[in-house]
Amino acid sequence: MINIKEFTSIGSDERGDTKSFSVKDYGQFVYLTRKAGCLSGNTYHQGLNKGTNLKTFVLVQGEITINYRKVDTTEVHTQVVPSPAVIEVSPNVVHNVMANTDIVILENNSIDDIKADVIREQV
């Protein structure tokens with residue numbers, strides 16, 4: 001349902017860390033910031049386009065709690081995710097994101113992808 005991928009460490013020194021990550025080959029991103037305590041989502045996608053099948057988020061900065069469940073079920077799963085991480089959400093998984101801290105996220109899709117394939121539903 002949800003796959004969390006940590007960044008791969010390349011190196012670290014007095015200047016900081018160097019890490020790498022990969023996402024689907026899509027080329028479109030939406031840049032988002034959210035303040036600590038904000039809830040986003042309560043949606044799912046059917047995977048009707050490449051941007052929403054998988055729905056891919058890159059958590060660049062901060063920490064989130066992601067809550068999710070499969071459509072037509074009631075069992076809710078919760079996972080705390082520190083940055084940096086790639087979060088892949090399968091189609092038909094209702095999800096929301098609570099910003100535990102101020103966060104920066106890149107969504108690997110376009111706004112048009114989301115508009116064409118979004119269903120609002122509470123986790």
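1. Start with Phe-57: its bridge partner in strand E11 is Glu-107. The two strands involved are E6 (residues 55-61) and E11 (residues 103-107), which pair in the antiparallel sense over 4 bridges. Strands are DSSP runs of type E with at least two residues, helices are runs of H or I with at least four, and both are numbered from the N terminus. Two strands count as paired if DSSP finds at least two bridges between them.

2. A word on what you are looking at. This is a predicted model, where local features need pLDDT of at least 70 and side-chain atom pairs count only at pLDDT 80 or more, while totals for chains, interfaces and linings use all residues. Residues are numbered from 1 along each chain as its sequence is written, and side-chain values use heavy atoms, with hydrogens and water left out.

3. Now zoom out to the sheet. It is an open one of 5 strands in the order E1-E9-E6-E11-E4, with antiparallel pairing. At the edges you'll find strand E1 (2-6) and strand E4 (30-34), each pairing on one side only. Neighbouring strands in this sheet are turned by 20° against each other on average, direction ignored. For that angle, axes are lines fitted to C-alpha atoms (for helices, over the stretch in contact), and angles run from 0 to 180 degrees between N-to-C directions.

4. Have a look at Asn-96, which sits in strand E10 (residues 93-99). Is Asn-96 buried or exposed? Asn-96 counts as buried because its relative accessibility is 7%. The cut-offs are under 20% relative accessible area for buried, over 50% for exposed, and partly exposed in between (1.4 Å probe, protein chains only).

5. Which side chains make polar contacts with the side chain of Asn-96? One is that of Asn-42, at 3.0 Å, and another is that of Asn-67, at 2.9 Å. A polar contact is a pair of N or O atoms within 3.5 Å; within protein, one must be able to donate a hydrogen and the other to accept it, and residues adjacent in sequence count only if both atoms are side-chain atoms. Not counting residues up to four places away in sequence, Asn-96 also touches others, including Leu-39, Thr-65, Ile-66 and Val-123. Contact here means heavy atoms within 4.5 Å.

6. Asn-42 belongs to strand E5 and is buried, since its relative accessible area is 10%. Its phi is near 60°, a positive value in a residue other than glycine. Most residues other than glycine have a negative phi, and most peptide bonds are trans.

7. Asp-72 also has a positive phi, about 70°, although it is not a glycine. You'll find Asp-72 in the loop between strand E7 (63-70) and E8. Asp-72 counts as exposed because its relative accessibility is 75%.

8. Where are the cis peptide bonds to check? One joins Asn-53 and Leu-54, with omega about -10°; Leu-54 lies in the loop between strand E5 (39-44) and E6. Another joins Ser-83 and Pro-84, with omega about -5°, and Pro-84 lies in the loop between strand E8 (77-82) and strand E9 (85-89).

9. Last, find Ala-116 in helix H1 (residues 111-116). With a relative accessible area of 54%, Ala-116 is exposed. Leaving aside neighbours within four places in sequence, Ala-116 is in contact with Leu-48 and Asn-49.
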